[in-house]
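Here are my notes on the model you asked me to look over. They are set out as numbered points, to be read alongside the structure.

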Amino acid sequence: MKKRALATLLALVLVMSLAFTGCSSSDGKKSDGPIKVGVVNNPPSESGYREANVKDMEAVFSKANGYELKTAYSLKNDEQLQAAQGFITEGVDYLLISAAETTGWDEVLKKAKEAGIKVYLFDRMINVDESLYEAAVVSDMAKEGETAVNWLLGQKLDVYNVIHIQGAMGSDAQIGRTGALDAQFASGKMNKVVQQTATWDEAEAKKIVGSVINSGEDFNVIYAENDGMAKGAVAALDENGITHGTNGKVIVMGFDCNKWALRELLSGAWNYDGQCSPFQAQIISDLIKSGKAPSSKIIINEEKGFDAKDLKQSDIDTYGLGE
Amino acid sequence: MKQKFKNLFSGGLGQLTIPLIAILLLVIFNLIRDPSFFSIGIMHNNDGNVVLAGNLISIINGASELAILAMGMTLVTAACGGQDISVGAAAAIAGSVFVKVLKSTSEITGLTVVLAFLCACIVAMLFGAFNGTLVAIFKIQPMIATLILYTCGRSIAYWINGGATPTVSSPIITALGGFIPGIPVPTPVIIVLVAGIVLKLVFRFTSLQLFTQSVGINGSAAHLNGINEKFIKMLSFVILGVCVAIAGSIGVSRLGLINHETLLIDIEMDTILAVAIGGNSLGGGKFKISGSIIGAYVIQMLTITLYAMKVSSTDVKAYKAIVIVLLVVIGSPVVKKKVDKLMMRIRKSKDRNTVKGAQS
């Protein structure tokens, strides 16, 4: 009984505190006031991707653009759920969610619908009936893989001996980015030297490439499913005196477009970096301002792939993540 | 000379017998399997430097962090009769501090790198002193005492850089983790060499080795003889702290970034193993640092041999375990006794034969 009272009290305090922070940031005009947007996201410290994502949200949903932004960051699903609940109680107009986990959101989203709050998902999908949200703005990881593999085919190498370093098995990014390359292995156009997961870890990627070098097998392409693993792979090449990049023996490919990775491209040490765009805010803002229901429930974020040969410093400034 | 040669065969190498035999077996095995295994190539890497490359270089280079940690671990083992299982976590902290300091300076120069390394050193020594205090003053079992830092170390490292994995790119860092322009030998190898020489000099000009051994063999007897037992134990942990800072900084420089979750992960176990393969008693007392260093190279040579046999990096651990079980069993007191007995019998029968021969 006591526990329950305590929990209620805590919840109340949370809601109040959220309400107060809301009040302090604006005068809270009812009509014709700013559009109230509540964003439930992962904390910026999670990754370079998230840092850029959070900054983008803050820039687009600014006061100048006619918004009143409230944010809550957590890596934990239950804390995110509580925050979303808080936003609903406060009465926001729109709820934007990048969920920590794909499950557990049914109740909260139903409440949001009852309260007339429109929900947009960004970056990550949630396992609920699609009537519960307006639209999901996400990346098409499979397309990212296809773009990268098409670029690789465009290099017209005599032979493709590929070291494929995969991300955490079962993640959206891994499945998407692996698919396109697997198709090439199956068709025989490219040879699989090794295909192994390094679970996004730089050191493990270095170990994998090092082991291939020690085994004496020949390879000329490294396809790493994120920037960090590409960096680890390149460290192994450097240690063994194998050249890489635009003038080297081995083609190096990464994903995510961190600024430091794009600088590697600019210096010619890497060849290709596929974008995984964290910039969904403008798309959602356009949808909100248009007032119309989106034509499709899933909106794919346009993404690029960068070739070291055509990369410019301005691209790094525009598309690079982190610092 | 003849006597020395004889000693070699009658176990005169003492505790180095097992690690040297292990290396010898691995070398022979590799030479039979693929005579070109030890070939060294001269390559030009991406920075245009002339560098040495090959499996042998991979072994010597790859074992650098392990060798440095094994030096410190041997001292702790000898003085305290227990092991520090927090070296990996402490290295993550030291590495994070290293990067944090580098990041907070506007430009990475030789001076800032030295400064960053000194900061990492101080922090690692403090954590070493923390472990040392628990062990020397509160008399907690080393494994339990260091379990604390083992558990929380990577969380502390997480706080230092706010959970991100910041990258540091600078020619100096690249040179530290890779090659110094103009020198074809990997820098970590040179660092191990320098560390080994420094330690050797310390042993030569101080009584550290003797004191450590006496504390390890019998603490109270050492105390009665005027050796400050607590200080020696504490000192061993602080020295290990320096080793941790060096290993952590090498690890960071190799990749050019700090990942607090995976930097030198699981290295504590390999380090203890290196000490054990080196023939040192894990119960403390007499020790040979050279044994532990050879132990570190045995472990790395095993790994690279398995890689060369096209064993994938995920499967390596299992195969490694089989060989290590063999090594440890061969080095165990029970087997040693049996072998000694056997040798004695052979020698006796030989003597008898020669005596018989003389009579007839």
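1. In chain B, 48% of the 360 residues count as buried. This is a predicted model, and the remarks below should be read with that in mind.

2. As to overall dimensions, the C-alpha atoms of chain B occupy a box of roughly 90 × 55 × 40 Å when taken along the principal axes. The radius of gyration of chain B is 22 Å, which agrees with the value near 21 Å that a compact globule of 360 residues would have.

3. The secondary structure of chain B comprises 16 helices and two strands. One of these helices, α16, covers residues 333–359 and contains B:Arg352.

4. On chain A, a surface patch of negative charge brings together A:Asp106, A:Glu107, A:Glu114, A:Asp129 and A:Glu130. Among these residues, A:Glu114 lies in helix α4 of chain A, which spans residues 106–114.

5. Is A:Glu114 buried or exposed? A:Glu114 has a relative accessible area of 69% and is therefore exposed, since exposed residues are those with over 50%.

Key: Residues are numbered from 1 along each chain as its sequence is written. Chains are lettered from A and ligands numbered from 1 in the order in which they are written. This is a predicted model: local features need pLDDT of at least 70, side-chain atom pairs count only at pLDDT 80 or more; totals for chains, interfaces and linings use all residues. Side-chain values use heavy atoms; hydrogens and water are left out. Helices (H or I, at least four residues) and strands (E, at least two) are DSSP runs, numbered from the N terminus. The radius of gyration is taken over C-alpha atoms; the globule rule is 2.2 Å times the number of residues to the power 0.38. Buried means under 20% relative accessible area, exposed over 50%, partly exposed in between (1.4 Å probe, protein chains only). Patches are made of residues with over 30% relative accessible area and no salt bridge: like charges are joined within 9 Å, nonpolar side chains (Val, Leu, Ile, Met, Phe, Trp, Tyr) within 5 Å. Accessible areas come from the Shrake-Rupley method with a 1.4 Å probe; for residues, only the protein chains shown count as cover. A salt bridge is a side-chain nitrogen of Lys or Arg within 4 Å of a carboxyl oxygen of Asp or Glu. Lys and Arg count as positive and Asp and Glu as negative; His and the chain ends are not counted. The place of a charge is taken as NZ of Lys, CZ of Arg, CG of Asp or CD of Glu.
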